[in-house]
Amino acid sequence: QVHLQESGGGLAQTGGSLRLSCAFSGRILDDWHVGWFRQAPTKEREFVAALIWSRGRTYYADSVNNRFAISRDNVQNTFYLQMNRLKPEDTAVYYCAVRTGATWSAGSWGQGTQVAVSS
């Protein structure tokens, strides 16, 4: 079982930046994926970005590609989401997650951190 804890959310202005962190306890296996999702008010939770732990290969939702970057620190047992050129539509609760099998929903999730972007 992997336990996750997000930090780094807050308020930013349009065009600004924030960095989210997800600290985990336990061991992440090489072929697992770690990632970020978000849920805005009245909307479904959506995928944002992910990284394959062993290879470091990343993939992104179209809406954040070239603005957000996911990265990891194996020593600190942490992965990150660097969010640049923020837009009001990025406002949401952001969740980090680990996919241990075929689906994200069956993996481990953090409690979420609020990001608000003012126009």
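**View 1. β1 and β3 pair in the antiparallel sense.** In this predicted model, β1 and strand β3 (residues 18-25) are joined over five bridges; strands are DSSP runs of E with at least two residues, numbered from the N terminus, and two of them pair if DSSP finds at least two bridges between them. Look for leucine 4, which stands opposite phenylalanine 24 in β3. Residues are numbered from 1 along each chain as its sequence is written, and side-chain values use heavy atoms, with hydrogens and water left out. Local features need pLDDT of at least 70 and side-chain atom pairs count only at pLDDT 80 or more, while totals for chains, interfaces and linings use all residues.

**View 2. An open sheet holds four strands.** Follow the order β1-β3-β8-β7, where the pairing is antiparallel. At the edges sit β1 (3-7) and β7 (68-73), each pairing on one side only.

**View 3. Serine 54 lies in a loop.** This loop runs between β5 (46-52) and β6 (58-60). Serine 54 counts as partly exposed because its relative accessibility is 36%, partly exposed being the range between buried (under 20% relative accessible area) and exposed (over 50%), with a 1.4 Å probe and protein chains only.

**View 4. Serine 54 meets Asp30 and Arg72.** Both are in contact with serine 54 (heavy atoms within 4.5 Å), once its neighbours within four places in sequence are left aside. A polar atom of the serine 54 side chain lies 2.9 Å from the backbone oxygen of aspartate 30. Asparagine 74 is 20 residues from serine 54 in sequence, and their C-alpha atoms are 9.8 Å apart.

Technical notes: Polar contact = N/O pair within 3.5 Å; in protein donor to acceptor, adjacent residues only side chain to side chain.
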